[in-house]
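Biologist: I've just opened the model and would like to go through it with you, a piece at a time. Can we begin with a single residue?

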Amino acid sequence: MAANIVSSAPSGRFYYGCAGAAGLLAGLAIVFWFPALASWWPSDLVRVYHAMSYVMGFGVSRIGDIPLVAYATLTLSGFVMAFCHPGHSKLPIVAWAVHNQPSPREMVDWILRSWALQLGFLVIIFWRFAFMGKLTSYRLMQFVGIFNDVCYLATLVLAGILLRDSWRDFQGVSAPASNIRIPLIFALSFYLPFQLVWILLSAQQFELPLWGWLLLVPAMVGVLLARLATVGIALCFRRWLGPQGCLRWRGPLALFSGLTVLCIGGNAVIRQILNMIK
């Protein structure tokens, strides 16, 4: 299929230079302002990791007394966290849509699978290990850290694939475009944000594990809605480019996305290494 072939005609050194400079600047800017971007939050919206204290504020003592507005609020909080905060593999989703041009149904299908795997990993860690094994919070966070390390490594692999295909396109090599779906699914599935993890840790501290799962579900639904919204934006962008535009700009866009993702993923890996050294 034409959508799976890297265009052999380079778009020009100027376009590649602009794409490389823009990708590098965007990646470094996100890394530099990452703390500020990650700490931004609407003032009137409860933060995801405050879910337990937020529900306790209603004065409820039974699960059945939790108001529906609490679930709706946590769903919105999960959406804002995944859609507005840096990370969560939003740019790789857009890159996948343009680079490999999967069908909308295929994109939605794999996004749902990655979300189910992410939720399943949380269940494995906190139900099997925490609530049944009675592990400490420190040990649980070590498990979470291992999963996040896999996410960061998958992100670097994805960036490397994009940069390799961009270089091939720049050289005018006609070759099949590498599919970045597998590293993308690994990055999405193995990423366990601290905000979501803290819901379950708080439930463990309150000795209310069932409450933690009930509050985690709406937050996870918000994360899923954010990913689906990203898919919608990616498909609109691909439709705007058109099939020929995707082929023509695949190389520069892969270079831009690869460098941006490389900066963000590399920063995460470096921070993890520094934390291990301390």
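Biologist: Ser89: buried or exposed?
Modeller: Ser89 counts as buried because its relative accessibility is 11%, where buried means under 20% relative accessible area, exposed over 50% and partly exposed in between, computed with a 1.4 Å probe on protein chains only. Please keep in mind that this is a predicted model, in which local features need pLDDT of at least 70 and side-chain atom pairs count only at pLDDT 80 or more, while totals for chains, interfaces and linings use all residues. Residues are numbered from 1 along each chain as its sequence is written, and side-chain values use heavy atoms, with hydrogens and water left out.

Biologist: Where does Ser89 lie?
Modeller: Ser89 is in the loop between H4 and H5; helices (H or I, at least four residues) and strands (E, at least two) are DSSP runs, numbered from the N terminus.

Biologist: And what about the phi of Ser89?
Modeller: Ser89 is not a glycine, yet its phi is positive, at about 60 degrees. Most residues other than glycine have a negative phi. Gln101, which sits in the loop between H5 and H6, also has a positive phi, near 50 degrees, in a residue other than glycine.

Biologist: Changing topic: at what angle do H9 and H10 pack?
Modeller: Helix H9 (residues 194-205) and helix H10 (residues 209-277) pack at about 170 degrees, and their axes are 8 Å apart, the axes being lines fitted to C-alpha atoms, for helices over the stretch in contact, with angles that run from 0 to 180 degrees between N-to-C directions. H9 is therefore roughly antiparallel to H10, given that angles under 35 degrees count as roughly parallel, over 145 as roughly antiparallel, 65 to 115 as roughly perpendicular and the rest as oblique.

Biologist: Which residues make that contact?
Modeller: H9 contributes Leu196, Ile199, Leu200 and Ala203, and H10 contributes Pro209, Gly212, Trp213, Leu215, Leu216, Ala219, Met220 and Val223, with contact meaning heavy atoms within 4.5 Å. By class there are 11 nonpolar residues, one polar and no charged, where Ala, Val, Leu, Ile, Met, Phe, Trp, Tyr, Cys and Pro count as nonpolar, Asp, Glu, Lys and Arg as charged, and the others, Gly among them, as polar.

Biologist: How many residues are in the largest nonpolar core?
Modeller: That core has 63 residues, and those with the most contacts inside it are Phe126, Leu192, Leu196 and Leu216; a nonpolar core is a set of buried Ala, Val, Leu, Ile, Met, Phe, Trp, Tyr and Cys residues joined through side-chain atoms within 4.5 Å. The elements that give two or more residues to it include helix H6 (104-131), helix H7 (137-170), H9 and H10, and its largest share, 15 residues, comes from H10.

Biologist: How many aromatic pairs turn up?
Modeller: A search of the whole structure finds 14, where rings of Phe, Tyr and Trp (its six-membered ring) pair if their centres lie within 6.5 Å, and planes under 30 degrees apart count as stacked, over 60 as edge-to-face and the rest as tilted. Tyr15 and Trp249 form an edge-to-face pair, 4.9 Å centre to centre with 85 degrees between the planes, and this pair links distant parts of the chain, since Tyr15 in helix H1 (residues 13-32) and Trp249 in helix H10 are 234 residues apart. Tyr15 is partly exposed at 33% relative accessibility, as is Trp249 at 25%.

Biologist: What kind of pair do Tyr49 and Phe194 form?
Modeller: Tyr49 and Phe194 make a tilted pair, 6.4 Å centre to centre with 45 degrees between the planes. Tyr49, in the loop between helix H2 (34-39) and H3, is 145 residues from Phe194 in helix H9. Separately, ring pairs link Phe121, Phe147, Phe186 and Phe190 into a cluster.

Biologist: Last one: what does Ser77 contact?
Modeller: Leaving aside neighbours within four places in sequence, Ser77 is in contact with Trp41, Leu45, Val46 and Val48. Ser77 is located in helix H4 and is buried, with a relative accessible area of 0%.
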